[in-house]
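Welcome, and thanks for coming along. Please open the model in your viewer and keep the selection tool at hand.

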Amino acid sequence: MNKQIILLPGDGVGKEIMEAAEKVLNTIASEYGHTFTFQQQKIGGDAIDYHGVPLPDNTITACQEADAILLGAVGGEKWDTLPAHLRPEKGLLGIRKTLDLFANLRPVKGFAPLLQASPLKEDVIKGSDILIIRELTGGLYFGNPSERRADGEVVVDTLHYHRDEMERIIDKGFQSARLRRNHLTSVDKANVLESSRMWREIVEEKSKDYPDVTVEHLLVDAAAMKLITQPDRFDTIVTENLFGDILSDEASVLTGSLGMLPSASIRSDGVGLYEPVHGSAPDIAGKGVVNPLGMILSVALMLRHSFGLQQEAVEIEEAVNECLEQGYHTPDLRIKDGTQVSTKEMTDMVLENLTTKSVCNRISNMYA
Ligand code: NAD
Ligand code: IPM
Ligand code: MN
């Protein structure tokens with residue numbers, strides 16, 4: 001397989017985790033005979049420093065022409081005082097919107113060796129396996145900027161959704177639930193927000209098209225509580241942009257660290273941008289200790305969703321699991337009796353497990 005991948009390392013720890021991603025892709029390419037061609041482009045603060053804007057035109061063009069996009073993270077204190085349209089985060093929102101990447105899949109599945117790494121009780125989190133589907137190109141994130149500070153004292157953020165935008169993400173929720181355990185939790189704030197009332201109506205209408213999927217509605221405040229008290233009651237969650245952002249960081253606690261969560265942002269034709277859920281982690285950037293696994297697992301999502309390379313994706317996930325079984329972990333994961341390693345060492349362990357696995361698979365295939 002021949003694929004062109006755009007790398008957008010961005011800011012802070014983005015560069016460190018992107019190095020890990022590239023190594024994993026190179027290993028997969030050589031083990032399986034694929035050709036992955038990389039082109040690095042700028043986004044976020046990195047692009048502001050170089051081009052004066054967070055999302056330069058050549059980054060957009062390169063992303064439009066690519067088979068898939070990998071992103072590290074954007075943002076940092078250095079750019080926090082810039083006007084809204086020039087902030088690094090605007091680069092990320094811009095690429096999501098421009099490419100119409102409306103469906104953000106955030107799988108939250110703990111690895112068995114990390115049960116002890118969560119501050120939550122093991123018997124509470126055991127067996128939890130949740131897919132959070134977050135609407136990514138609408139809602140409060142994309143309100144009209146000119147209204148925001150109309151007269152210095154009044155501030156306005158507009159929450160705007162078209163029915164079509166709700167319908168397509170809710171459909172994605174039902175379809176994803178069907179591929180899992182046929183249970184969909186729709187999260188909203190229908191006791192207060194008109195947008196949530198419309199959302200709930202659409203979920204009810206759509207549920208008739210998916211009679212095999214059981215649906216429940218939860219208000220977002222209660223959902224936030226249940227997510228960490230009864231995580232095993234959830235299968236697929238579908239929700240709007242801001243709620244999904246907050247709930248997914250919360251859900252990462254189930255896995256032991258925010259650094260463990262991958263994500264896929266996709267549009268209807270399968271084009272996708274893949275990135276870990278976490279941000280640029282300025283407090284640890286440059287120290288060589290960032291957990292690369294959220295990024296490495298995002299590479300697995302890219303292989304599965306954009307390239308249909310299921311076996312390669314599973315192999316990456318298994319290689320990650322094996323490292324954790326062996327007790328290796330970066331400092332964000334609190335594990336008793338494990339071996340604390342750096343970003344580079346953790347990545348090398350994944351690569352080593354990947355290579356060994358591929359060799360074993362090839363041998364077992366030969367005798368199959
Ligand atoms: P953050 O996700 O960067 O970090 C939150 C905490 O988690 C920090 O203590 C950090 O050290 C830790 N952490 C995050 N990822 C980690 C990893 N892989 N390994 C180990 N520890 C990890 O959130 P923040 O500090 O609130 O935001 C920092 C900047 O990142 C802000 O500018 C924000 O806008 C931006 N941000 C970007 C993205 C993105 O690019 N997708 C996502 C979230 C935040
Ligand atoms: C995320 C981030 C972004 C978001 C920010 C950086 C704009 O928090 O990807 O979760 O809120 O979508
Ligand atoms: Mn977020």
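This is a predicted model: local features need pLDDT of at least 70, side-chain atom pairs count only at pLDDT 80 or more; totals for chains, interfaces and linings use all residues.

Residues are numbered from 1 along each chain as its sequence is written, chains are lettered from A and ligands numbered from 1 in the order in which they are written, and side-chain values use heavy atoms, with hydrogens and water left out.

**Stop 1: ligand 1**

Select ligand 1 and show its surroundings: 20 residues surround it, and the closest are V74, E89, G279, A281 and D283. A residue belongs to such a shell if one of its heavy atoms lies within 4 Å of the ligand. The shell holds nine nonpolar, seven polar and four charged residues. Here Ala, Val, Leu, Ile, Met, Phe, Trp, Tyr, Cys and Pro count as nonpolar, Asp, Glu, Lys and Arg as charged, and the others, Gly among them, as polar.

Click on E89, where a side-chain N or O atom is 2.5 Å from an oxygen atom of ligand 1. Taken alone, ligand 1 exposes 800 Å², and the protein buries 70% of that (Shrake-Rupley areas with a 1.4 Å probe; for residues, only the protein chains shown count as cover).

**Stop 2: ligand 2**

Which residues are around ligand 2? Select E89, L93, R96, R106, R134, Y141, D245 and V277. Helix α4 (residues 88-98) gives the largest share of this shell, three residues. Helices (H or I, at least four residues) and strands (E, at least two) are DSSP runs, numbered from the N terminus. The shell divides into three nonpolar, no polar and five charged residues.

Zoom in on the side chains of R96 and R134: each places an N or O atom 2.7 Å from an oxygen atom of ligand 2. For Y141, a polar side-chain atom lies 2.6 Å from a ligand 2 oxygen. Ligand 2 taken alone exposes 320 Å², of which the protein buries 78%.

**Stop 3: helix pairs**

Color α10 (residues 293-305) and α11 (residues 310-325), whose axes come within 7 Å and cross at roughly 160°. Axes are lines fitted to C-alpha atoms, for helices over the stretch in contact, and angles run from 0 to 180 degrees between N-to-C directions. The two helices are therefore roughly antiparallel (over 145 degrees; under 35 is roughly parallel, 65 to 115 roughly perpendicular and the rest oblique).

Next, select α8 (residues 220-229) and α9 (residues 241-251): their axes come within 10 Å and cross at roughly 15°, which makes α8 roughly parallel to α9.

Notes:
A polar contact is a pair of N or O atoms within 3.5 Å; within protein, one must be able to donate a hydrogen and the other to accept it, and residues adjacent in sequence count only if both atoms are side-chain atoms.
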